Amino acid sequence: MAKRLILRTICVAVLSIAIPLSAQAAEPLNVSISDNVYSADLEIPGGFSAELTITFENVVGLSATSLNVSAFAINPLDPALLSRLGSNVGGIPAGFPLLLRIEPDPNMGLSFSGTVDVELYTHDLEFAVASPLRMYSSPLGGAFADVTTAHGAGSYRSRGTKGNFSEFLIVIETRTPVAAAGDKLGAVRSLLTSYQTEIDAGTYAQLSSLLTGAEDAYAAGNLVAAVTYVEEFAKAVKNAGASIPNVWAAAHNLPNVAGQLRAAAGTARFSLTLALNN
């Protein structure tokens, strides 16, 4: 009942927001870079703000200009935007109508290996038990998908893990954690299959076997075992070394298969853990 009330309140409040995307771009403020961590403040018209932290495992060429970060005040009722969110999203919270875009300049030489964590911390939203808020991400102009790997209080903090970039939103998800976990395991399987030719045959067989274990455990309702298999899958990808391409470059000429697989496994683990806790 509490979750439905939160969702209904947010969705009703969304109706009062109508801000055109194209006119509301804002550059990050107070940018700081320390080793592999980029941090900045985001402020958009309407008084909405957030602290942004981007943490790379390994990065080359990181600078305030090479990462090319911007924030937009969005219209949550924009049909073009809503069509990109899919049926699992009930809306965008009126308290945080912000789209984050990270689209590194291909001429600046930025590249990274492994994964990158993108975290937003805002006082404009409040964390609640069984919160329906999630971080979604998409390629530029493409379909959004859940990439959340952690969220919590203070006032609301959400982190997503990626093997690439570029657009991010906080949305209201309608799926239960159990349903989301099933969808995400399917997404890991689809991703693994699509990159089969890019992965060493022995490594692919190992990963497929671990993923089958997770799928079978999930189907049997053994979520603890499913979490364990997903964690082992992610660990095997990380330890695969040169057997799986693991570099992303701003020129978009490298797929970073390992980063994408680990990110997909990470958000599946998040939903499985939520299902266990709830």
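Which residue forms a salt bridge with Glu-232? The close-ups below take this up. The model is predicted: local features need pLDDT of at least 70, side-chain atom pairs count only at pLDDT 80 or more, and totals for chains, interfaces and linings use all residues. Residues are numbered from 1 along each chain as its sequence is written, and side-chain values use heavy atoms, with hydrogens and water left out.

**View 1. Glu-232 pairs with Lys-235 in a salt bridge.** Their closest N and O atoms are 3.5 Å apart (a salt bridge is a side-chain nitrogen of Lys or Arg within 4 Å of a carboxyl oxygen of Asp or Glu). Being three residues apart in helix H6, the two are separated by about one helical turn (helices are DSSP runs of H or I, at least four residues, and strands are runs of E, at least two, numbered from the N terminus). Glu-232 is partly exposed at 34% relative accessibility, and Lys-235 is partly exposed at 46% (buried means under 20% relative accessible area, exposed over 50%, partly exposed in between, with a 1.4 Å probe and protein chains only).

**View 2. Arg-101 meets Glu-167 in a salt bridge.** Here the closest N and O atoms lie 2.6 Å apart. The pair links distant parts of the chain, with Arg-101 in strand E7 and Glu-167 in strand E13, 66 residues apart. Arg-101 is partly exposed, at 22%, whereas Glu-167 is buried, at 1%.

**View 3. Glu-173 and Arg-175 join their side chains in a salt bridge.** The N to O distance is 2.9 Å. Glu-173 is buried at 2% relative accessible area, and Arg-175 counts as buried at 10%. Both belong to a network of salt bridges that also links Arg-134, Asp-146, Asp-183 and Lys-184.
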